[in-house]
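Here is a walk through one protein chain, from the overall layout down to single residues. Keep the coordinates open as you read.

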Amino acid sequence: MEEATARRKRINRLKKMILGTVGMAILIPIIICIVLAVHISGLNGQLQELQTMLEQARLEAETEEITSVFTTAHIEESPRESEEQSEPEQEIQEEAISYSKRIYLTFDDGPSSNTAQILDILKQYDVKATFFVLGKTDEESKALYQRIVAEGHTIAMHSYSHKYEEIYASKAAFVKDLKKLQEYLYEITGVWPRYYRFPGGSSNKVSKADMQELIAYLNDSDIAYFDWNVSSGDAVSGQLPKDTIVSNCISGISGQTDCVVLMHDAAEKDTTVAALAEIIAKVRMQGDACFLPITDDTPLIQHVKSIGNQPDS
Ligand SMILES: [Zn+2]
């Protein structure tokens, strides 16, 4: 009997053990599943939060991009202006500072049959200059405008027609002539010219238009005008002897630190071409002077200044 009881007990214990094991085998995965489900739902929440943040960041970046586009466009009011801020210009400025005397050779009235020779001499001496040109439509002139720019000189304006009675008849006539030349030079060279020399200078006595009005127009149009403080004297009718041109330039340059030298690029001005190499050589022999093309950093040499809003430089 005792044995039977003990056996039943053993069987019962065994049953309990089996039931317990089975129960655990069912319960544990369920518990794990519940824990994992809770964990996953938490991760889902985090993921959504991250997605929202990412979307926000993307939108912010886009807005910033749009703003910066508008800002840049606002600062550079004219795309043509930005072309002017080139590396060579910075080099020129650095060179200018390192010398005590700066010489800006300027040639009015070209292109002409003498332009190529002038350019050859400038190239030979590695001198950059400024050409205040007129509007000429023949193929040779077009090629010369392009050569002036290609060889690093400054292309500047001196009126399209150079006819005083037309240009100076009224402000409207002056503006029309100027715009015609500016657009034309831009079309031929790709450079938007921003420097001007009044035919006869800003102090001319022939203009029927108020010179102050013309000056105000240039200031408003971001065009700087330059007269000169050294004259080669070659503007006289006929030819001035070569030696006179040389001595006029050398004596004019001697007393000044920033010299804008007036010369002419015209068919009949052969003695100017003949004098050019000698002028450069003599200046170089005296030392501590550099030849520069006109840039935004060139001091404004002007005979008649603007009465109204004067430019800063
Ligand atoms: Zn002229």
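Helices (H or I, at least four residues) and strands (E, at least two) are DSSP runs, numbered from the N terminus. Residues are numbered from 1 along each chain as its sequence is written. This is a predicted model, in which local features need pLDDT of at least 70 and side-chain atom pairs count only at pLDDT 80 or more, while totals for chains, interfaces and linings use all residues.

Start with the whole chain. The protein chain has 10 helices and eight strands. Burial is a neighbour count: a residue is buried if 20 or more other C-beta atoms lie within 10 Å of its own, exposed if 12 or fewer, and partly exposed in between, with C-beta atoms placed from the backbone. Of the 313 residues in the protein chain, 29% are buried. Two residues are in contact if their C-beta atoms, placed from the backbone, lie within 7 Å. Among contacts in the protein chain with a separation of 6 or more, 79% join residues 24 or more positions apart.

Now take Ser170. Ser170 sits in the loop between helix H6 (164-167) and helix H7 (171-189). Because 16 other C-beta atoms lie within 10 Å, Ser170 is partly exposed. Not counting residues up to four places away in sequence, Ser170 touches Lys208 and Ala209. Lys208 is 38 residues from Ser170 along the chain, yet their C-alpha atoms are separated by 6.3 Å.

Helix H7 comes next. The expected span of a helix is 1.5 Å times one less than its number of residues. For the 19 residues of H7, that rule gives 27 Å; the end C-alpha atoms are 27 Å apart, which agrees. Which residues of H7 are buried? They are Phe174, Asp177, Leu178, Leu181 and Leu185. Seen down the axis, the buried residues of H7 fall within an arc of 95° (the arc of the directions from the helix axis to the C-beta atoms), so they line one face of the helix. Ala172, Lys179 and Glu187 are exposed on the other side of H7. The buried residues of H7 pack against helix H5 (139-150), strand S3 (154-157), H6 and helix H8 (211-220). Just after H7, Gly190 takes a positive phi of about 80°.

Helix H9 (residues 242-254) can be read the same way. Its 13 residues should span 18 Å, and the end C-alpha atoms are 19 Å apart, which agrees. In H9, the buried residues are Ile245, Val246, Asn248, Cys249 and Ile253. They cover an arc of only 165° around the axis, which puts them on the same side of H9. The face turned away from that buried side carries the exposed residues Asp243, Ser251 and Ser254. What do the buried residues of H9 pack against? Their partners are strand S1 (101-108), strand S6 (230-231), strand S7 (258-264) and helix H10 (270-286).

H10 also meets helix H4 (residues 115-124). Axes are lines fitted to C-alpha atoms, for helices over the stretch in contact, and angles run from 0 to 180 degrees between N-to-C directions. The axes of H4 and H10 come within 10 Å and cross at roughly 5°. Angles under 35 degrees count as roughly parallel, over 145 as roughly antiparallel, 65 to 115 as roughly perpendicular and the rest as oblique. H4 and H10 are therefore roughly parallel to each other. H4 contributes Gln117, Ile118 and Ile121 to the contact, and H10 contributes Val273, Leu276 and Ala277. These residues divide into five nonpolar, one polar and no charged. Here Ala, Val, Leu, Ile, Met, Phe, Trp, Tyr, Cys and Pro count as nonpolar, Asp, Glu, Lys and Arg as charged, and the others, Gly among them, as polar.

Look at the backbone between S1 and H4. Asp109 lies in this loop. Asp109 has a positive phi of about 80° although it is not a glycine. With 22 C-beta neighbours inside 10 Å, Asp109 counts as buried. Pro111 lies in the loop between S1 and H4 too. The peptide bond from Gly110 to Pro111 is cis, with omega near -5°.

Asp288 lies in the loop between H10 and strand S8 (289-291). Asp288 is not a glycine, but has a positive phi of about 55°. Is Asp288 buried or exposed? It is exposed, because 10 other C-beta atoms lie within 10 Å.

Finish in the segment after S8, where Lys305 is placed. Lys305 counts as exposed, with 12 C-beta neighbours inside 10 Å. The C-alpha atoms of Lys305 and Ile215 are separated by 8.1 Å, though the two residues are 90 residues apart along the chain.
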